[in-house]
Amino acid sequence: MSARYSATRTSARTAAIMLAFTVVFTALMASAYEATRPKIQASLQEAQMRLIDEVLPPGSYDNALLDDVANLPPTSILGLDDGGRVWRARKAGAPAALVLEAAAADGYAGRIGIVVAVGADGVVSGVRVVSHKETPGLGDYIDPTKDRNKASPWISQFAGASWRQVAAERWTVKKDGGVFDFHTGATISARAVSRIVGRTVAFAMANRDALFSAAPGSTLQGIQP
Amino acid sequence: MISAPQFREIAYNGLWKQNTGLAQLLGLCPILAVSTSMVNATSLGLATVIAMALSNLVVASLRNFIPYEIRIPVFILIIAALVTVIDLLFNAYLHSLYLVLGIFIPLIVTNCIVLARVEAYAAKNDPVASTVDGIMMGLGLVWVLALLGGVRELLGSGTLLSGIEMIIPGTSALNVFGDDYPGFLLAILPPGAFFALGCLIAAYNAIKARLDASTRRHPPAPAPLEQPPGSAVEGAAG
């Protein structure tokens, strides 16, 4: 038995080889991350902008919307356990609209994440579902890309709903005495979305001045629940 | 390098005889999860092809430097690194598709078909043959995924190729059964994947039995096998 093949030497050699492979392939991953990072950031911004364009007409404001963002602290009424964001649209410096993130915890299958755009006058300009796990083909009509009715998807009925004209307790489905339609057999998804939209609009109106005046990038403090 | 008969043998194994989805039954996790539409299924299949070709190439090139005792951790390290790179590239250049495929791209790492081909083929063969093997095995998975995704999408929502605009802008899905098609929910839900895959495997076995029966009546000249058949990793799940 030569010293070359002793247990210590073999295991040291194996460990060194494993280490070398780890270093080389970690370096490969790190350089791929560095190389793709600017492009990924740009894609994220682009996707964000595309989403906001769907809920808020691009011509209704003139500020750099993506940069004019404030952070919301964890807010239970909006379902934001980890906080969220609010974008402030302004026209010639005057408040035009707020785009808020929110989430309904009472969906049929877990959280339903939404964004709501509401004008400074309390009129909703659009709502989009950004994440959900509702049943495919049944409750997923809350997502306009899955809605069979392409001409006027279910979610589009929120556009034009006004905080001044619809009382707080009527922001729910017609079955519960509210004003919004729903699909028979999948009421829970529609109810969850309608109610969180109502709560978000109420929140935006109650805190409108604080939301518009917070410094970009700052986290809001002392907001009304 | 690789000879024409060897190429044919690898292609036949990957696309038909040892098809990962129908014969080896490896990598069922993505098959069942993403085959709700043809575009999703094919996209994940193509990502798997890239992952398999690259991991087979890298492992075959480095096979003489990998000690036998630690080959599995090294293989996993190589596969995980390559899949991470593919994941980043998808995120950067096909962002909307990345949002749809989401968690399933990183999960290619855990798809045992990748490790199975690395261990069973790339660790013992030269880089060119191994790369071809990875591509052929992957393409075998792609056609099964595309067929399964197509059948489920057609039955479930009455469309074909929905989501194609995420890959080729300006195109749109085919609405095969028109707007009044009520949909067939079961085909889209997970059980539909099991039913459809079961039917596919039954059809595959029936065709294979007929082909085998006809070769027995007219036996071809025996050709020496370069690869032992059925060389998949036994007992691997996922």
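In chain A of this predicted model, five strands make up an open sheet in the order 1-2-3-4-5, with antiparallel pairing. Strands are DSSP runs of E with at least two residues, helices are runs of H or I with at least four, and both are numbered from the N terminus; two strands pair if DSSP finds at least two bridges between them. At the edges sit strand 1 (69-72) and strand 5 (124-131) of chain A, each pairing on one side only. From one strand to the next, the twist averages 25°. Strand 1 of chain A is joined to strand 2 (residues 84-91) of chain A by four bridges, and the two run antiparallel. In strand 2 of chain A, A:R85 is the bridge partner of A:N71.

Leaving aside residues up to four places away in sequence, A:E101 touches A:L80, A:G84, A:R85 and A:V115; contact here means C-beta atoms, placed from the backbone, within 7 Å. A:E101 counts as buried because it has 20 C-beta neighbours inside 10 Å. The cut-offs are 20 or more other C-beta atoms within 10 Å for buried, 12 or fewer for exposed, and in between for partly exposed.

Helix 1 (residues 7-55) of chain A lies across strand 2, strand 3, strand 4 (110-119) and strand 5 of chain A, running at about 140° to strand 5 of chain A. Helix 2 (residues 187-206) of chain A packs on the sheet too, touching strand 3, strand 4 and strand 5 of chain A, and its direction makes about 145° with that of strand 3 of chain A. Axes are lines fitted to C-alpha atoms, for helices over the stretch in contact, with angles from 0 to 180 degrees between N-to-C directions.

Turning to the partner chain, 21 residues of chain B are in contact with 18 residues of chain A. On the chain B side, helix 4 of chain B gives the largest share, twelve residues. Helix 4 of chain B is also among the elements covering the buried residues of helix 6 of chain B, where nine of the eleven residues (112-122) are buried.

Residues are numbered from 1 along each chain as its sequence is written, while chains are lettered from A and ligands numbered from 1 in the order written. Local features need pLDDT of at least 70 and side-chain atom pairs count only at pLDDT 80 or more, whereas totals for chains, interfaces and linings use all residues.

Key:
Contact = placed C-beta atoms within 7 Å.
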